[in-house]
Amino acid sequence: MTMEEIFKERQVFKTKVIENVQSELNQFGLRIYNANVKELQDTAGSEYFKFLSRKAHEGASNQAKVDVANAQMIGDVGEAKKRGETRQEISKIDAQTAVLETQRKKEKAKADAELATTRINLDNGINLAKIEADRNAEAKDAALQKDVEIQRADMELERRRATDLVHAKIERESAQQKADAKFYAENKNADGLLYKQQKDAEARYLATVKGADALVYQQKQEAEASYFRTTKEAEASFIAKQKEAEGISEMAKAYEHMSSVLGGPQGLLQYMMLQNNTYEKLAKANAQAINGLQPKIT
């Protein structure tokens with residue numbers, strides 16, 4: 001390396017020194033890990049390194065000035081260019097913005113018009129739907145009211161039919177029982193009278209024929225007549241009670257039908273209490289019970 005290269009390229013000089021010295025130290029097993037090269041200095045009476053240092057300094061200074069001037073020029077040119085480009089871009093953006101604003105205003109006006117039309121159509125649709133719903137609701141209410149009235153009329157008709165049926169059955173059973181009782185009573189009386197007449201005739205005959213035996217025979221016949229009357233009375237009483245039981249059974253069936261029409265036993269009980277004025281009687285009884293009392297209310 002020349003002296004100027006050594007002065008300028010210290011790192012290269014350092015590397016070459018380490019490599020050359022290391023090759024000599026390898027035979028001793030030594031290794032260089034680091035080395036420093038001090039500043040090169042002139043010997044007495046020599047100013048070579050001094051002039052090289054000044055040359056390098058002046059060159060660096062001049063180059064720095066040139067670089068600064070070039071940088072200043074590039075900066076000024078770039079700044080002017082950027083200002084022009086900026087104004088151009090601003091003008092372009094302003095123009096595009098104006099166009100976009102105009103377009104957006106048109107689109108907004110169109111959208112507003114469409115929105116207004118849509119709102120009007122929706123309002124009309126809602127109003128029509130509401131009117132139709134109101135009409136349907138009114139029609140349904142009318143139909144339900146009609147059904148309720150029809151059901152109420154049917155229930156009232158069934159109630160009246162059940163009431164009339166019960167009254168008719170009660171009257172018929174009562175008349176039948178009275179007729180049966182009268183028939184059996186008359187039949188019993190007629191049979192007893194006929195039997196008594198027959199026995200009286202037989203008794204008179206026996207009295208004429210046998211004398212003393214006739215008295216015994218008469219007593220026997222009277223006992224048989226008494227037994228016959230008792231038997232007939234018992235049969236008549238049994239038949240009357242049987243008819244009464246059948247009437248009660250028919251009345252129970254009628255009450256069961258009324259109960260199903262009036263909504264159950266509770267409805268039938270309320271109906272019978274109304275028919276028999278039970279509520280009025282209970283009210284009178286309660287009034288008589290508390291009559292004359294002077295309750296103290298505090």
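Trainee: Which residues in α5 meet Thr278, Tyr279 and Leu282 in α6?
Mentor: In this predicted model, Gln270, Met272, Met273 and Leu274 are the α5 residues that meet those three residues of α6.

Trainee: At what angle do the axes of α5 and α6 cross?
Mentor: The axes cross at roughly 70 degrees and come within 5 Å. Angles of 65 to 115 degrees count as roughly perpendicular, and α5 and α6 are therefore roughly perpendicular to each other.

Trainee: Which residues of α5 are buried?
Mentor: Gly267, Leu268, Tyr271 and Met273 are buried in α5. Leu268 and Tyr271 also belong to the largest nonpolar core, and Met273 takes part in the meeting with α6.

Trainee: What else makes up that largest nonpolar core?
Mentor: The core has six residues in all: Ala162, Val166, Ala254 and Met258, together with Leu268 and Tyr271. Three helices, α3 (48-210), α4 (212-261) and α5 (265-275), each supply at least two residues of this core.

Trainee: What does Leu268 touch, leaving out residues up to four places away in sequence?
Mentor: With those residues left out, Leu268 touches Tyr255, Met258, Ser259 and Leu262. Met258 is itself a member of the core.

Trainee: Moving to Thr163, which helix is that residue in, and is it buried or exposed?
Mentor: Thr163 is found in helix α3. Its relative accessibility is 9%, and buried means under 20%, so Thr163 counts as buried.

Trainee: And what does Thr163 touch, again without residues up to four places away in sequence?
Mentor: On that basis, Thr163 touches Met258 and Tyr271. Both of these residues are listed in the largest nonpolar core.

Trainee: Now Lys243, please: where is that residue found, and how is its accessibility classed?
Mentor: Lys243 is found in helix α4.

Trainee: Which residues is Lys243 in contact with, leaving aside neighbours within four places in sequence?
Mentor: Those contacts are with Gln177 and Asp180.

Trainee: A change of topic: where is Gln22, and why does it count as buried?
Mentor: Gln22 lies in helix α2, residues 10-25. Its relative accessible area is 12%, and because buried means under 20%, Gln22 is classed as buried.

Trainee: What does the side chain of Gln22 reach?
Mentor: That side chain reaches the backbone oxygen of Leu30 at 2.8 Å. Not counting residues up to four places away in sequence, Gln22 touches Leu30, Arg31 and Ile32.

Trainee: Stepping back to the whole chain, how many helices and strands are there?
Mentor: The protein chain has six helices and zero strands. From the N terminus on, the elements run α-α-α-α-α-α.

Trainee: What share of the chain counts as buried, and what area is exposed?
Mentor: Of the 298 residues, 11% count as buried. The chain exposes about 24300 Å², and carbon and sulfur atoms supply 56% of that area.

Trainee: What share of the contacts joins residues at least 24 apart?
Mentor: The share is 53%, taken among contacts between residues at least 6 apart in sequence.

Methods: Residues numbered from 1 in each chain as written. Predicted model: local features only at pLDDT ≥ 70, side-chain atom pairs only at ≥ 80, totals over all residues. Heavy atoms only, no water. Core = buried A, V, L, I, M, F, W, Y, C linked by side-chain atoms within 4.5 Å. Buried < 20%, exposed > 50% of the residue type's maximum accessible area, 1.4 Å probe, protein only. Helix = DSSP H or I, 4+ residues; strand = E, 2+ residues; numbered from the N terminus. Contact = heavy atoms within 4.5 Å. Polar contact = N/O pair within 3.5 Å; in protein donor to acceptor, adjacent residues only side chain to side chain. Areas by Shrake-Rupley, 256 points an atom, 1.4 Å probe, with all protein chains shown as cover. Axes fitted to C-alpha atoms, helices over the stretch in contact; angles between N-to-C directions. Parallel < 35°, antiparallel > 145°, perpendicular 65-115°, else oblique.
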